[in-house]
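User: I would like to go through the ring contacts and one of the sheets in this model. Could we begin with charges over rings?

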Amino acid sequence: MLKFLRDRKNSKKIWIFLAIVIVIPFAFWGAGSVVSDKNYAGYVGTICGRKITSSQFQDSYNATAARLRLQFPDQFDQLKDSLDLESQAWERLVLISEAKRRNIKVTDQEVIKDITANPTFQGKNGFDDSAYKHIIKYYLHSSPRAFEEQTRESLMLAKLYDQVTCVVKLDDEQLKEEYRKANEELSISYISAQYAELEKNIQADDETLKSYFQNNSIKFKEPLSFNLEYVKIEAEEKTSLKQRSEKIFLLAQKNIPLKKIAQENKLTLKETGLFPETGPIPEIGWAKQIINALPKIKPDEYLPPYCNQQACFLAKIKVKMDPYIPEFTTIKDKIKIIFSREKAKEQAKERIEKCLARLKEQPDSDIFETTAVENGLKYASTSFFKFASYIEGIGSSSEFWLTAEKLQPNKASEIISTPTALFIIRLKEKKEADWNKFEEDKKTFSEKILSDKKNEYFTSFLKELDKKAFFKTSQS
């Protein structure tokens, strides 16, 4: 058991990058993989000037997938397709690079302790070595040696998290403010100018739309677009996806025509149809190494190969369409929608500003509802809500709670803007937090808030790290 860790002098070090462990709640969700042939197409990107090969990127995906399969065995297959997997893989690689730069180490004993304590590998009498090997081989499709090095990297990231967030503190005043936000309840009355409601009544004839189009044609410019021809490579009964794709990618490396590759390997040559350079690519998805390479690849050159768990793709550009502005007649309906939305927003702003001006002219009068009606806007009230909850008919409560909490009774707020409407609110009623219960909850609540703040701090740290690392797809 764990023989590799106990006899490291006779083995090579395997660099397998992996996902962050459960200690960071926003665990990174892996990445779409690339071909495992190290020599194909050079490298897929750089981190702080260091080249990242396709093999390293594949290892990063494999390690992440293994961790998440163990953490979310029932949900993994359903969740993985809805996430930006490639971006998360890059983020993890950046963090690994930073941990190594800081010379963060993990001992063999720490790795052994983590694996033997993992609930997944427990039997009736504690750690079950047979179950461990079975799960690694048949469920994770890996080897104990690889998994043990993945665990080392995972623990390294946990130490990085602790090292970065140790500066985050929480004093009593901050804790009380957070408790108040979490427990104080408010209700409000509001006037709203809903864009969608006003949009229904916007009328525009063809001449109006043509004039709008001529003055705003740049808004309708179509981006650089591509049509790819490609083959989709899947595993066969006696050949794994890795074996089959490597064979086909080697043919591409020799610049054999894609049509011939498809014929000789009984693959269907397909086309994506036109799609914008920002993706996603029809059927293939958010393949960043392909998307990033598109603007600089010539039609006779192969694009970087791309693999996910189900299939691999090999593609070439068939059609490259430069940016252009379509004719009025072909996008008339789109023009009408955008025109109506803009006019609705203009009307909403004009009407709600009239409401606010009148409320300020008569600050002591109870004219909140009548002012809304006079300007053709909606008036309503809410039930009690807390900070960061959901308000029916409005959405997220955070900005409304923060604004209302500071208002004097029956005083109108300034205009609050959301993606769907403009609002004026006033405080209706307030339920204070139970400060007697605060003393009972203080320890547990403090731990939760501190954890949340550490996660926020680490997220900001990662964003800054991404900027400094400046990674990119090398083929782009």
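Analyst: This is a predicted model. In it, Lys181 sits over the face of Phe387, 4.3 Å from the ring centre.

User: And what lies over the face of Tyr302?

Analyst: That is Lys316, at 4.3 Å from the ring centre.

User: How many aromatic pairs does a search of the whole structure find?

Analyst: The search gives 21 aromatic pairs. One of them joins Tyr132 and Phe147 in an edge-to-face arrangement, with 6.2 Å centre to centre and 65° between the planes.

User: Which parts does that pair tie together?

Analyst: Tyr132 belongs to helix α6 (residues 129–139) and Phe147 to helix α7 (residues 144–165), so the pair links parts that are 15 residues apart in sequence.

User: Are Tyr132 and Phe147 buried or exposed?

Analyst: Both Tyr132 and Phe147 are buried.

User: Which residues form one aromatic cluster?

Analyst: Tyr212, Phe213, Phe220, Phe328 and Phe339 do.

User: Now the sheet. What is the order of the four strands?

Analyst: The order is β11-β5-β15-β14 in an open sheet, and the pairing is antiparallel. β11 (378–381) and β14 (416–417) are at the edges with a single partner strand each, so one side of each has no neighbour in the sheet.

User: How many bridges are there between β14 and β15?

Analyst: β14 pairs with strand β15 (residues 421–431) over two bridges, in the antiparallel sense. Within this pairing, Ile416 is opposite Phe423 in β15.

User: Which helix packs on the sheet?

Analyst: Helix α14 (residues 332–361) does, touching β5 (185–194) and β15. The direction of α14 makes about 40° with that of β15.

Conventions
Residues numbered from 1 in each chain as written. Predicted model: local features only at pLDDT ≥ 70, side-chain atom pairs only at ≥ 80, totals over all residues. Heavy atoms only, no water. Phe/Tyr/Trp six-rings, centres within 6.5 Å; stacked < 30°, edge-to-face > 60°. Buried < 20%, exposed > 50% of the residue type's maximum accessible area, 1.4 Å probe, protein only. Lys NZ or Arg CZ within 6 Å of the ring centre and 35° of its normal. Pairing = 2+ DSSP bridges. Contact = heavy atoms within 4.5 Å. Axes fitted to C-alpha atoms, helices over the stretch in contact; angles between N-to-C directions.
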